[in-house]
Structure formats: C-alpha cells, structure tokens
Amino acid sequence: CSGAAGPAGGEGGPILCQYTSVGALSDKWLKRELEASLDVGRAGGGLPGPGPGPRAAGRGRSPATATKMKLIWPTCEEVRTSHGGYRIGDAIPGRTKNVDRDFLRPLYHRWARPGGTDDDDSDPLGTARAAPHIKTFLQLSRDQTSIEWACLTSHNLSKAAWGEVQNSSLRGETLFIRHWELGIFVSPKTLTGNRISDPDGTLVRMVPYQGGNVTGGDHCVVLPLPFDVQPTPYGQDDIPWSVDRVNSQPDQYGRLGCMD
C-alpha cells in the first residue's frame, strides 16, 4: 500500500452484495431505492447514510441503466461441492420463487472463482468450499483498487431488512422497515478516527486482502473478505442455489438436496 492514493470519493464503483437469503424483490426497488441509497456518488454526503432519501437519490434514473450492483450468490454446483454438500445449503435458505427472477440473473456472481481450491492464490482465506452464512455489503472505488465502505451485517437482501419507501397521507414519503438488523460499518474515515489524511497529506486507503504477508501500515487498512472483490459472473449453465430445489447430481454424501 505504499504510495497509495486515497478513496475515490464522489463517485463509487461496483456495489457488492453478499447475503444468504432473499425476499420478494422488484427490479425497481433493487436499483432505484437500494442501489441509490448505497452508492456513494448518489447517497449525499459521500458515504451511505442520511441524504436525499432512497427514492429521491435515484429519481430519474431508469432501472435498466443501473448496473453497479453485483450479487454474490452461490451456484448449485458450489453448494454441491462444498465441504458439507447440499445439507449445508440450509444455511443459505433462499427459495426458488425469490431466487429465480429474470431481473436478478444478470446480476449474479459466483461465491468462488471456477476451478479455485482451498489453497491456491485465488482463495487466500480458504473459503472457496465453505457455504456462506455471513452477509457482507461493500462498494469499491471507481478504479476498483480500494474499498469506499464495507458493512458486515445481519441484513439479507429484502425490503423487510433494508426498508421500502412508502407514501402515507399522514406522513408523506417515509422509509418503512419491518426487520431491524445489526451490522458493523467501516470506511477509511471511520477506521482512522474521522481523520482521512496524515499530516504529510497521504490519504488513507482500505484495500481487500489478496494473500501473502500484507500489513496495513500507516496509510492502509487491509480488509479480509471471504470472496473475490472481482467476482466471476454466472456462466450460461450456472444455476443459482435454492434451498427447495431438487438437483440432478448427488453431492459427496449421495444427497440430491438439503431436504433429503
């Protein structure tokens, strides 16, 4: 991280969403409300948080042009070949009716790189064959070399957890949240005590761990992530994992699904 430039600021890069369950979503909500709220370039104030509001922030932008979101959701094959096989898919309880949506398919990315193993350079933390139950949301910088912000949380991808803008005759436009969740939000600024640069003017960066003996140093914070920040898009034959799906190929224990 020597000679590191600071966070991009002003306009963020891809937004990575890794979760273990998904609600009944709409294309409009996902891209005009959630993405608009998470994007540092549109949320107001440079970081996700209080600003013009989810709908106001995304107003005027067609869902078809909102392409920053990358959804990290394991394929059936990744669960089948995981350490626990299909049974461990219980920890990823997304159901077919919510997972198999046409507008979600172009956004899906694999949990691990194809062909990756526990001990090669593409999987420095040895998580390729693990079945994820954590929930991680982050945004890369515009040049995708550093992280603008990251949140390790209990939020799954649902309107109930993140909230939905509703109109009320009494209150007007309000954000309605059904499930209150808890998470830890970090950014280069929060990790340096609200100080974004050292006296010599060198800006602090937050970068993903890429393997090797890496230390953060004074100007860099290294963030270990269980997935690749340049995730692999689904291939034509990839099938998104669903907890209620019966699969044609057995896992190493002879099961065809986690409900066997």
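Asp39 is buried, with a relative accessible area of 2% (buried means under 20%, exposed over 50% and partly exposed in between, with a 1.4 Å probe and protein chains only). The structure is a predicted model, in which local features need pLDDT of at least 70, side-chain atom pairs count only at pLDDT 80 or more, and totals for chains, interfaces and linings use all residues. Residues are numbered from 1 along each chain as its sequence is written, and side-chain values use heavy atoms, with hydrogens and water left out.

Asp39 forms a salt bridge with Lys68, with 2.9 Å between the closest N and O atoms; the criterion is a side-chain nitrogen of Lys or Arg within 4 Å of a carboxyl oxygen of Asp or Glu. This pair links distant parts of the chain, 29 residues apart: Lys68 lies in the loop between α2 (54-58) and β2 (69-72), and Asp39 in the loop between α1 (27-38) and α2. Helices (H or I, at least four residues) and strands (E, at least two) are DSSP runs numbered from the N terminus. Lys68 is also buried, at a relative accessible area of 16%.

By this rule the count comes to nine salt bridges. Glu77 and Arg80 form one of them, the closest N and O atoms being 2.8 Å apart. Because these two residues are three apart in helix α3 (residues 76-80), about one helical turn separates them. Glu77 is partly exposed, with a relative accessible area of 34%, whereas Arg80 is buried at 18%.

A salt bridge also joins the side chains of Arg95 and Asp244 (3.8 Å, N to O). Here again the pair links distant parts of the chain, 149 residues apart, with Arg95 in the loop between α3 and α4 (96-99) and Asp244 in the segment after β10 (220-223). Arg95 is partly exposed at 39% relative accessible area, as is Asp244 at 33%.

A cavity is a set of points on a 1 Å grid over the protein atoms alone where a 1.4 Å probe fits but cannot get out, and lining residues have an atom within 4 Å of a point. A search of the whole structure finds one cavity of 30 Å³ or more. The space in the largest cavity is about 40 Å³, a volume being the space filled by probe spheres set on the points, which are joined across faces, edges and corners. By class, its lining has eight nonpolar, one polar and one charged residues (Ala, Val, Leu, Ile, Met, Phe, Trp, Tyr, Cys and Pro count as nonpolar, Asp, Glu, Lys and Arg as charged, and the others, Gly among them, as polar).

Key
1 Å grid on protein atoms, 1.4 Å probe; cavity = no way out; pocket = protein on both sides within 12 Å on 5 of 7 lines; lining within 4 Å.
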